[in-house]
Amino acid sequence: MSMTDIYSEQTKKRNENRCNLLRALHFNGSLTKTAISDCCNLRKSSITNIVSELLESGWIIECSPGRVRSQLMLNPDSWFFMSVLLTRENLTLARVNFLGDMDIILTDEIKDTSPKVLTEHIASAIKANRNNEFPEVVAVSFPGIVDAQSGTVLYAANFPGWSNIPLGDMLYDRTGCKVKITNDVKAQLLAEGWFSHIFKQSDNVMLLNISGGISCAMFIHGQEVIGAQNSAGEIGHIAAGDEGKLCSCGKLDCLEAYCSIPAMIKMIRESFPDVEECKTASDIYALMKNERRVENIIERCCSRITRVLAPLMAAIDPKLLIVATEFCDFSSFIAQALNNYLKIELAGLSSRDIDITISQPVSDGALRGAAVVLIEEAFATGIISGNTING
Ligand SMILES: [Zn+2]
């Protein structure tokens, strides 16, 4: 083994130890050095070195400064990450810290979704709002099939023309920032895992997102399921009816054409032409409370979703299903309805005993989860875009 190899082995080991230490602080809140040593299975001498450099660089702080056995915690103000979410309607830009606290900085209406115009729109939003508070790395949460490795949007049903668009590279050229692209639903599940600690309950988890489209994200045995074509969990364009409903993808009778939030709203408006305010999941929920027939429409949607969801659940057998919509009370209603229908569809299978819960609103999860990609990379490398920890 050459000196260079020995050096790089040592660096690798040191990075690994630092990453484990940061993760221990993240998942446990605050810990003493002794507790970190137990938690990470590391010698106290190694910990002392790493803690010193992390204190010096400001990534962590002492809970009782100066006290010898002070607990340590991540410094919430050491770094802020810029996270951007695109939906069919809006571009939202937020600031997320190490602890997942989030401020929305900007919400812009999207008028033109063509790749060129929308890319310029994202780039100018990043440039107008980036300052020294942020590292030169940005997270983007995109509602489509994404190759996260290369930063390419492979396909997006609600964004015509978005086929094999190298969004990460295009934004880098325009902003000078490294940009990480994540599928919005995968980001939601990352946020649940990283900030809400759902993996403490189980590492076999599925998240069902019902918003502008319908799709799932999954962790099986603690591993993210991506799929050969980055499309694992994309159930929205499976045929789920025979009424000839046109889907945004151009096909007829996809699940989304019946059960996405816009499809639910369309059905409610057709049945109740006098309804004034019905644009969001929260509007649907308000109408449901006053009109049993609106509730029936949503129940039928849940039954239809279950027929597509049940085979997927039978195939992967998750312990926990998380339901995500933009409005938590509506998510709870859907979760309850799905629970009832799944018991019927999965009768006889152990999958019928699955736990069902709800997540934070989809846009919050998608913004915070995209930032998790940046935080995990920072933990693993000790680098936030050029700002390396000494050592
Ligand atoms: Zn479709």
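Predicted model: local features only at pLDDT ≥ 70, side-chain atom pairs only at ≥ 80, totals over all residues.

Colleague: How many helices and strands does the protein have?
Modeller: The protein has 12 helices and 17 strands. These are DSSP runs numbered from the N terminus: H or I of at least four residues for helices, E of at least two for strands.

Colleague: What does the C-alpha trace span along its principal axes?
Modeller: About 70 × 50 × 45 Å.

Colleague: And what share of the residues is buried?
Modeller: 41% of the 391 residues. Buried means 20 or more other C-beta atoms within 10 Å of the residue's own, with C-beta atoms placed from the backbone.

Colleague: Switching to domains. Where are the bounds?
Modeller: Domain 1 is 3-74, domain 2 is 80-189 + 365-388, and domain 3 is 197-359. The bounds come from an automatic or database domain assignment.

Colleague: How many residues of domain 1 are in contact with domain 2?
Modeller: Six, and they meet six residues of domain 2. Contact means C-beta atoms, placed from the backbone, within 7 Å.

Colleague: Which helix gives the largest share of that side of domain 1?
Modeller: Helix H1 (residues 3-28), with five residues.

Colleague: What separates the centres of the two domains?
Modeller: The centres of domain 1 and domain 2, taken over C-alpha atoms, are 29 Å apart.

Technical notes. Residues numbered from 1 in each chain as written. Contact = placed C-beta atoms within 7 Å. Buried ≥ 20, exposed ≤ 12 C-beta atoms within 10 Å, placed from the backbone.
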